[in-house]
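Hi,

Here's the structure I said I'd pass on. Have a look at it first, and then read my notes below.

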Amino acid sequence: MELTEKYNEPAPYIKRLSWFDWIYGLLVLGGVITALKLYGQYMDTYEKGILIFSGCGLVALGWHWKSIRVLTIAFTVISLFSIYLYQGEILNADKNYFLKYLISSQSAIMWMSTLFFMATGGSWLGILIRSDFSARVAQHLTWCAVTAGFTGMMVRWYESYLMGVDVGHIPISNLYEVFILFCIITALLYLYYQTRYATQQIGAFVLPVISAAVGFLLWYTFDRQAHEIQPLIPALQSYWMKIHVPANFIGYGAFSLAAAIAIAYLFSKKGILTSRIPSIEILDDLMYKTIAIGFTFFTIATILGAMWAAEAWGSYWSWDPKETWALIVWLNYAAWLHMRLVKGLRGPILAWWALVGFFVTLFAFLGVNMFLSGLHSYGTL
Amino acid sequence: MRFAVSLLTILAIASIVGTVLKQNEPYPNYVAQFGQFWFGFFEMLGLYDVYHAAWFIVILTFLILSTSLCIYRNVPGMLREMRSFREHATESSLQHISHNHLYTFSIDHQVLLKRLQVHLTQKKYRFKLHVSENKILLAAKSGSAHRWGYILTHIAIVIICLGGLIDGNIPLKLQQLIGKKIETRGIPQSQVPPESRLAANNVSFRGNVTIPEGSSADVVFLNVGEGYMVQELPFTVTLKKFYIEHYSTGQPKSFASDLIVTDKLSGSATEQTIKVNHPLIYKDVAIYQASFGDGGTLLDLKILDLTNTHKKQPSLQGRIHQTLPVKFDNTDYTLELTDFRPLNVENLTNNPDEKKFRNVGPTFQYKLRNAQGSAKEFNNYMLPLELDGAWYLLSGVRDSPNESFRYLRLPLDEEKTLNGYTMLRRMLFDQRIHPEIIRRFMQNSTKNNKLDETMRTKLAQSAAQILHTFSKGGYDAIADFLRDSVPEEEQEKAAVVYLKLLEVIGLETYQLARQRMNLKPIGSNESAIRFVRDSLNTISDSFLYGSPVYLQLTGFDEVKATGLQLTRSPGKNLVYLGSLLLVLGIFAMFYIHERRLWLLIKPAENKLLLAMSSNRKTLDFEKDFGQKKIAISNLLESKNGIN
């Protein structure tokens, strides 16, 4: 870096916002106010708080990471169009052309699945033939997949109310729904870091993980009819669900991304694709960053879970298998961070460890539901 | 440190064991699973309640001590480090810092110093000026709060563990040491001796109690090892009413209890409805909706004798959870009424793609235990069900709780009563009426086709044989008879003929029964044949039913019960405080970046030395250093806005 280069002091944050930022902010604000006006009477104080907080969060996120503005507006417009087409009648899902093939929740989720598969192919093609174009297409496909996924979730939320006013709930209540959440969040985390650090090649490693989740989702849909909207059991009827579950899945998503980066790291160390993926230093730094953000959210999620458990089951910690495995995941990453930050551990061992951590996380997420029984038995296979 | 890590590893493994092995099951289940030897071994290790085993708690305590020690040893140093600006750093030590840069400047050094100070202030650096004979040193730092991250997270872990230990079973363990004992007998609560009762002022507890509607409780039961202990409460909880709501698919939608909590000291009463996710906190005890059940519903039962005697039995009344001595067919039994469900929503289609949920009305469960102590369990529907176009009363039977119920379908006649079935059954089982049945059968079946005398005799004999065999043991008896008396290659054909004959005989019997009861004949239409065929099937199945009687529910007076969990957990606030500190600490640790900056001005040589360090060498730090180098170099130019 040349010292003669000009370094201009950045203007204050608020002045750096563009007119689009302000319009975006006003739109989200308008959305929140409309929601409060229309549905405020059905919400308790906490739910209103969560709504306002997520509105602010969405604005802040969009201002910080500009692409979010487009994403938010895109899926909002599509979801509203879908809702408009429904005309308050669930049966229109099969009658209306747009709904049937594009934007009923089930169709949107199928589109999300397809787009993720395509993005995975594109990102690998990009690496193998060193095509920047292909990599960029894969990146855009990922954005489209995320848009479709969010649309699917939003419309599913609406559909659940069409099934019955008492059935309606936010679609993060069972294994099927949280798998969609997982795909979206992992993809978003990847997109964030790849814009920040210009490391779009990471996609070739994380998109297969997402595709595997999509594969599971499809099996779960077609073999087990898991996509049917089910009413909430009493224990899940709480505002806590709206914060506990997403926080948890930011954690899971970040840990998965860290594992994907760890694989890239190990490939690079072994001399495989070394020249086609980001440098070891960047990968190492990214791995730390993703685990740090995952750990932060996972900690918050576990604490929120404990507070919810105290309200629903009468005990903030029951040593339920899910809780215990969450603790094991937490201890594992705490040890990882401790070794890196305090003991200064570096090198491939951390990458291997992040990979092992992913399997521990996977067991906590899926294995517990498959093999163990307990209070968290919402998603049995 | 190593010690702490090994302890942590042991805890992690123990926790995994605890998730794989179901915790706090009744001890006989474990014996059945592992056998006597391993059961004893695992019990010694405390594996049935890992998280409360003495060794688990001891390890946890060690961890707390070790972490506390770590805090005690490192925090003073960290605080000193946070306060220090390291303004005594020498030029040579600064040159040894890997991130340094030497500038030459041409402006007045006082102006430069001023500019640097303004810059540092703008950038939220705190700094100290150190002037020696020919050098001016600006020692600056930012993000010192980063170090609080370590301190807070470690303190948080200690606080959370402490809170957990208080709410865990340490208070209980201590009381066991001073003489409290576990009760293992199933006796009424009031008879539990004082050494198994815990005082109302117990520090922390978690217990359960079931209260029927209209009843009260002032104790809860704590599950301890293979038994329980009784925890006294400082108040009385009364259940006014329990509500359960269902979705249209039959899944439960909400459980709620109307409670009255009466303080024992002041006598003041508090009324509140609790629900799942909406507990009642009374003083320092939290009352949660945990489960529900039957609180002793009164059942009116009609008894249908299924033995050959077909004795008319008096009707019976009993409450759920009651055990009644009864006598059927000169044998003593005990009737244990176990459960009643007012609502059963079932999917009534066989088509897996289509779902048709319907409430099929109440069911009740009971066990019929013979004098030897073995029992069969029954699950009877109160209302008739339409299955494949005909109406039935269903009664399920099983030998053990892990089997599913096999259902006996009792067909209903055109009046939707069991009378038709009962009449038919009684006649088929009455040997005295058999000749009359055969006579009528011969008369009707030979009306249209002329048979010679030998054939007639043969047919009549066969018919009598079939009727007799069936009445002794159903289809199985007929199959046995065929196996013994018909050549193997003709058995299948003979079976078809026999079944057809049996059906015709059955229809004849039913007509005769109706005639004797002065009911109008029903002819031999489709539904009559169906009814007779169903009845024959059921009669045959009833040989395997395993009960001398069928109990028909004719009326009930429902009493529900609520299952409450009551806890006193003073450690909860500690745990929450610790959690808050943990989150603050994690944010400080990850997202506050510590930076130290030294700017050494040497006026005589017109040189400025920049050195920068961080406790964590990351890419962000490299980037920051790069930016800082340029920013400082901008300040050295003569034309600069800041003067």
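To start with chain B: how close do the axes of helix 9 and helix 11 come, and at what angle do they cross? In this predicted model, the axes of helix 9 (residues 434–445) and helix 11 (residues 491–516) of chain B come within 9 Å, with a crossing angle of roughly 110°. Angles of 65 to 115 degrees count as roughly perpendicular, so helix 9 of chain B is roughly perpendicular to helix 11 of chain B. The crossing of these two helices is right-handed.

If you want to click through that contact, the residues on the helix 9 side are B:Glu436, B:Ile437, B:Arg440, B:Phe441 and B:Asn444. They meet a set in helix 11 of chain B that includes B:Leu501, B:Val504, B:Ile505, B:Glu508 and B:Leu512. By class, the contact of helix 9 with helix 11 of chain B has six nonpolar, three polar and four charged residues.

Helix 11 of chain B has another partner to look at. The axes of helix 10 (residues 453–485) and helix 11 of chain B come within 10 Å, and they cross at roughly 110°. That again means roughly perpendicular, this time for helix 10 of chain B against helix 11 of chain B. The class count here is 16 nonpolar, one polar and one charged residues.

B:Asn518 sits in the loop between helix 11 and helix 12 (526–542) of chain B, and has a positive phi of about 60° without being a glycine. At 71% relative accessibility, B:Asn518 counts as exposed. B:Glu336, in strand 15 (residues 331–341) of chain B, counts as buried because its relative accessibility is 15%. Beyond its neighbours within four places in sequence, B:Glu336 is in contact with B:Gln322, B:Thr323, B:Gln365, B:Tyr366, B:Lys367 and B:Arg369.

Now chain A. Buried residues make up 55% of the 381 in chain A. Of the contacts in chain A with a separation of 6 or more, 76% are between residues 24 or more positions apart.

A:Val209 lies in helix 10 (residues 203–224) of chain A and, leaving aside neighbours within four places in sequence, is in contact with A:Ser256 and A:Phe358. A:Gln225 is in the loop between helix 10 and helix 11 (240–269) of chain A. A:Gln225 has a positive phi of about 50°, although it is not a glycine, and at 39% relative accessibility A:Gln225 counts as partly exposed.

Cheers

Key:
Residues are numbered from 1 along each chain as its sequence is written. Chains are lettered from A and ligands numbered from 1 in the order in which they are written. This is a predicted model: local features need pLDDT of at least 70, side-chain atom pairs count only at pLDDT 80 or more; totals for chains, interfaces and linings use all residues. Side-chain values use heavy atoms; hydrogens and water are left out. Axes are lines fitted to C-alpha atoms, for helices over the stretch in contact, and angles run from 0 to 180 degrees between N-to-C directions. Helices (H or I, at least four residues) and strands (E, at least two) are DSSP runs, numbered from the N terminus. Angles under 35 degrees count as roughly parallel, over 145 as roughly antiparallel, 65 to 115 as roughly perpendicular and the rest as oblique. A crossing is left-handed if the near helix is turned anticlockwise from the far one by less than a right angle, and right-handed if clockwise. Contact means heavy atoms within 4.5 Å. Ala, Val, Leu, Ile, Met, Phe, Trp, Tyr, Cys and Pro count as nonpolar, Asp, Glu, Lys and Arg as charged, and the others, Gly among them, as polar. Buried means under 20% relative accessible area, exposed over 50%, partly exposed in between (1.4 Å probe, protein chains only).
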